[in-house]
Amino acid sequence: MKKSFYDLSHSDLEMVLTQNNLNRSAAAILFNWHYKKKENTQCCEKIAKCSLAFIENNLDFSLPEIYTVSESKDRTVKFLFNLKDNHKIETVLIPFHNKYSICLSSQVGCAMNCSFCFTGEQGLKRNLNTSEIVGQFLQAWRWLMENRPGEERILNIVFMGQGEPLHNFDAVKKACEIFLSKYGASIGVQKITISTSGYIPGLKRWIKEILGVNLALSLHSPFEEKRNELIPINRKYPLHEVLTYIDKIPLSKKQFITYEYLLIKDFNDSAEDAKKLGTILAGKSAYINLIPFNSYPGSHYKRSNLDKIEKFKEILDNFKIPTLIRSAKGDDVLAACGQLNSTH
Ligand code: SAH
Ligand code: SF4
């Protein structure tokens, strides 16, 4: 069976070529063709005939199929992809001034079963391969080129779609290597953010392996008991331990860790919650994103009122922690945070 080209980093591809006694320089040419120029035709730059024949016979260039596209009033775009085994995943393009952030899925469903998340309800079906992660990006880019020409600028990549990215570490890491490669898309490290619910085995590897890419922690409550209720893996990997691992991540002067805080009415939105959150994050290189809860069919929590959210932010301001209230985008097509579920 052919191996997917999109599963290979630049150095993997060089190795495959050398092992087959071919000139490894074709790797940079192919990366440039498929990731920089984003062509989906056969590469017609200068590659030796024998290398071209090898590539054609051994590498697969097919991408996940776009199954449906939903466009929101606010121009958010949600893609449902059909994978080769007919599993479905979702990807979201979030607009800002005719540029986009892309929210990628890392797994089909998710094993973490958080009580506030539609993806969690789906359970984990399987991990995505690197090619299925990279493929979401390339297909969304091509869709923009065809449907919103001139707007095919995807400036940020966030792993905030379906799945727990640190639970699929190898594939996510390789996808990042491909996005970052100077031979290909050449996306800056600061433009990629991986969001985690606090999966410690992944964080341990992070400290050693992925330096540079941004990390976001879904914190959601500074109290262990409440966090247990929201994020069941907190029982196994409690917040205080998660924070000690995060503190070990070396950060450049300009870098910070993003802490996401979901605001659920009458559950974690009191002044006491805000003060405790401020206390545990004060003095860290931290940035807080307050995310008002997004509802989905069957959800049992409610979104906090706006005045409550603003009061919560004021308390954090007193701790001198930069805090942003994130507005939901695309919720009319169930494309906002936590609303992804490819079985509905
Ligand atoms: N599994 C990772 C990344 C995907 S979830 C994680 O949990 O961090 C991306 C973000 O959406 C997380 O911060 C998650 O807590 C948040 N989220 C999940 N359900 C939500 C909901 N119903 N409303 C708002 N945000 C939600
Ligand atoms: Fe998984 Fe993140 Fe949803 Fe929790 S919030 S179930 S970790 S996708």
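# A first look around the model

The largest cavity here is the space taken by ligand 2. Keep in mind that this is a predicted model.

User: Which residues surround ligand 2, and what classes does the shell around ligand 2 have?
Analyst: Ligand 2 has Cys110, Met112, Asn113, Cys114, Phe116, Cys117, Gly120, Gly163 and Ser197 around it. Sorted by class, that shell has 5 nonpolar, 4 polar and no charged residues.

User: Asn113 is part of that shell. Where is the place of Asn113, and is Asn113 buried, partly exposed or exposed?
Analyst: Look in the loop between β7 (107–109) and α4 (118–122) for Asn113. Buried would need a value under 20%, and exposed a value over 50%. Asn113 comes out at 46% relative accessibility, so Asn113 is partly exposed.

User: What is the phi of Asn113 near?
Analyst: Most residues other than glycine have a negative phi. Asn113 is a residue other than glycine, yet its phi is positive, near 55 degrees.

User: Why do the buried residues of α7 lie on the same side of α7?
Analyst: The buried residues in helix α7 (residues 200–209) are Ile200, Gly202, Leu203 and Trp206. They are on the same side of α7 because the arc they cover around the axis is only 150 degrees.

User: Which elements do the buried residues of α7 pack against?
Analyst: Start from the buried residues of α7, which include Leu203 and Trp206. Their packing partners are α6 (169–180), β10 (192–196), β11 (214–218) and α9 (239–247).

User: Which residues of helix α3 are buried, and what arc do they fall within?
Analyst: Helix α3 (residues 49–58) has Ser51, Phe54 and Ile55 buried. Seen down the axis, these buried residues line one face of α3, because they fall within an arc of 100 degrees.

User: What do the buried residues of α3 pack against, and which exposed residues are on the face turned away?
Analyst: On the buried side of α3, the packing is against α1 (10–19), α2 (26–36) and β2 (59–60). The face turned away from that side carries the exposed residues Lys49 and Asn57.

User: His10 lies in helix α1. Is His10 buried or exposed, and which residues is His10 in contact with?
Analyst: A residue under 20% relative accessible area is buried. His10 is at 11% relative accessibility, so His10 counts as buried. Setting aside neighbours within four places in sequence, His10 is in contact with Ala27, Ala28, Phe31, Ser181 and Tyr183.

User: What separates the C-alpha atoms of His10 and Glu177?
Analyst: Along the chain, His10 and Glu177 are 167 residues apart.

User: Where is Glu39 found, and which residues does Glu39 touch?
Analyst: Glu39 is in the loop between α2 and α3. Glu39 is partly exposed, at a relative accessible area of 29%. Not counting residues up to four places away in sequence, Glu39 touches Trp33, His34 and Arg142.

User: What separates the C-alpha atoms of Glu39 and Arg142?
Analyst: Arg142 is one of the residues that Glu39 touches. The two are 103 residues apart along the chain, and their C-alpha atoms are separated by 9.1 Å.

How values were computed:
Residues numbered from 1 in each chain as written. Chains lettered and ligands numbered in written order. Predicted model: local features only at pLDDT ≥ 70, side-chain atom pairs only at ≥ 80, totals over all residues. Heavy atoms only, no water. Near = heavy atom within 4 Å. 1 Å grid on protein atoms, 1.4 Å probe; cavity = no way out; pocket = protein on both sides within 12 Å on 5 of 7 lines; lining within 4 Å. Sits in = over half its atoms within 2 Å of the grid points. Nonpolar A, V, L, I, M, F, W, Y, C, P; charged D, E, K, R; others polar. Buried < 20%, exposed > 50% of the residue type's maximum accessible area, 1.4 Å probe, protein only. Helix = DSSP H or I, 4+ residues; strand = E, 2+ residues; numbered from the N terminus. Arc of directions from axis to C-beta. Contact = heavy atoms within 4.5 Å.
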